[in-house]
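Reader: I would like a close look at a single part of this model, and then how that part sits among the rest. Please state the cut-offs as you go.

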Amino acid sequence: MRNTILTALAVLMLSSCGKKVEYDATGIFEATTVTVSAETQGRILAMDVAEGDSVTAGQVICEIDTVISELQARQIGSQRQSAQSSMPDVSAQVASLRAEIAHQQNECKRIANLLADGAATVKQRDDANARLATLQGQLQALLSTLQNNRNSISDNARALDYQRDQILTQISKSRVVSPLTGTVLVKYAEPGEYAVPGKPLVKLADLNNIYLRSYFTAKQLADLKIGQKVTVIADFGDGVTFEYPGTVTWIAQESEFTPKSIQTEDSRANLVYAVKIAVKNDGRLKLGQYGEVRL
C-alpha cells in the first residue's frame with residue numbers, strides 16, 4: 001500500500017512539472033481616466049450626472065452660478081462706455097486755433113505787400129511771422145496732447161475689453177462639459193456646494209476601450225512589438241473565462257521591479273517591462289480585474 005501511494009505521488013509530481021503554462025503574463029485591466037475640474041468659482045446650481053452614468057463629449061455635466069461674473073461684466077461695460085465718452089474731439093478743440101492761424105497767415109501776406117510798397121516796416125513783418133510761428137507751435141503742441149489723451153483712453157478701453165473678455169470666458173466655463181464620451185466613475189461634488197478653480201467635479205473614463213497593463217521579462221521582449229496582435233484572457237472565476245483580441249500599444253523603455261500581484265512565466269525575473277495591450281470591452285470587463293496574456 002505504501003509503495004502504491006508513493007508511486008501515485010511521483011506520477012502527480014512529474015505531471016505537474018511537465019504542465020505547460022497557458023499564459024505568458026498577467027495584468028490588470030485599466031482605463032485612461034480624466035478628472036474634470038471647475039475652472040471658475042461659484043455655487044453649483046445643477047449636476048445632472050450620477051456615478052455609472054454614460055456621458056457624451058460636449059454634454060453639460062455641471063452648471064455654476066454666474067450672477068457675480070455677469071454683474072462684473074456689466075460694470076466693465078459701463079466703465080468702457082464712460083471712457084469712450086471722454087474721448088477728446090480733436091477737430092473741435094483745434095478749430096479756433098486753426099482759424100487764428102489762417103487769419104495770421106493773411107496778416108503776414110498783407111504786411112509783406114505793404115512792406116513791398118514801403119508802407120510797412122521790416123519789424124512789423126518779423127513780428128507777424130513770429131506770431132504765426134507761435135500759433136503753429138501751439139497747434140502742434142495741442143495736437144500732440146490731444147492725441148496722447150486719445151491713445152491713453154483707447155489703451156484703457158482696450159484693457160477694459162480684455163477684462164470683460166476674461167469674465168465672459170469665465171462665464172462660458174461655468175457650464176462644465178464632458179471632454180470625452182465615457183462613463184462617470186466618481187462624482188466629487190453636489191448641487192449647492194461652492195466650486196472653485198481646480199475643484200474636482202467628476203472622474204470619467206472611456207470603458208469601451210480599455211487596456212491590460214501587464215509585465216514581461218526582458219527575454220519575452222524579443223517576441224513583442226508595437227501593433228502586435230495578442231490574446232487577452234479575462235478570468236471571471238469558477239473556471240469562466242473569455243478571450244479577447246488585443247493589440248500592443250505601448251512598451252516601457254525602462255524596466256522596473258516585478259509587482260507582487262503580477263506573475264510572469266519566468267518567476268525568477270526581478271526586472272520586468274510594463275506593456276499596455278488595448279482591448280475592446282464588450283461590457284463584461286471591469287477596471288481592476290485580472291487578465292492573462294498569451295502571445
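Author: Helices (H or I, at least four residues) and strands (E, at least two) are DSSP runs, numbered from the N terminus. On that basis the protein has four helices and 15 strands. The model is predicted: local features need pLDDT of at least 70, side-chain atom pairs count only at pLDDT 80 or more, and totals for chains, interfaces and linings use all residues. Residues are numbered from 1 along each chain as its sequence is written, and side-chain values use heavy atoms, with hydrogens and water left out.

With a relative accessible area of 24%, Asp 206 is partly exposed; buried is under 20%, exposed over 50% and partly exposed in between, using a 1.4 Å probe and protein chains only. Its side chain makes a polar contact of 3.2 Å with the side chain of Asn 209. A polar atom of the Asp 206 side chain also lies 3.1 Å from the backbone nitrogen of Asn 208. (A polar contact is a pair of N or O atoms within 3.5 Å; within protein, one must be able to donate a hydrogen and the other to accept it, and residues adjacent in sequence count only if both atoms are side-chain atoms.)

Not counting residues up to four places away in sequence, Asp 206 touches Ala 31, Thr 32, Leu 180, Thr 181 and Gly 182, a contact being heavy atoms within 4.5 Å. The C-alpha atom of Asp 206 is 9.7 Å from that of Val 55, which is 151 residues away along the chain. In the protein, residues 24 or more positions apart account for 76% of the contacts with a separation of 6 or more.

Gly 182, touched by Asp 206, leads on to strand 7 (residues 182-187), where Lys 187 lies. The side chain of Lys 187 has a polar contact of 3.3 Å with that of Glu 190. Setting aside neighbours within four places in sequence, Lys 187 is in contact with Met 47, Val 49, Ala 50, Glu 51, Leu 201 and Val 202.

Overall, 31% of the 295 residues count as buried.

Elsewhere, four strands form an open antiparallel sheet in the order 6-5-3-8, where two strands pair if DSSP finds at least two bridges between them. Strand 6 and strand 8 (194-195) are at the edges, each with a single partner strand, so one side of each has no neighbour in the sheet. Strand 3 (residues 42-46) and strand 5 (residues 60-64) pair over two bridges, and Ala 46 stands opposite Glu 63. Strand 6 (175-177) is also packed against by the buried residues of helix 4, as are helix 2 (67-85) and helix 3 (90-116).
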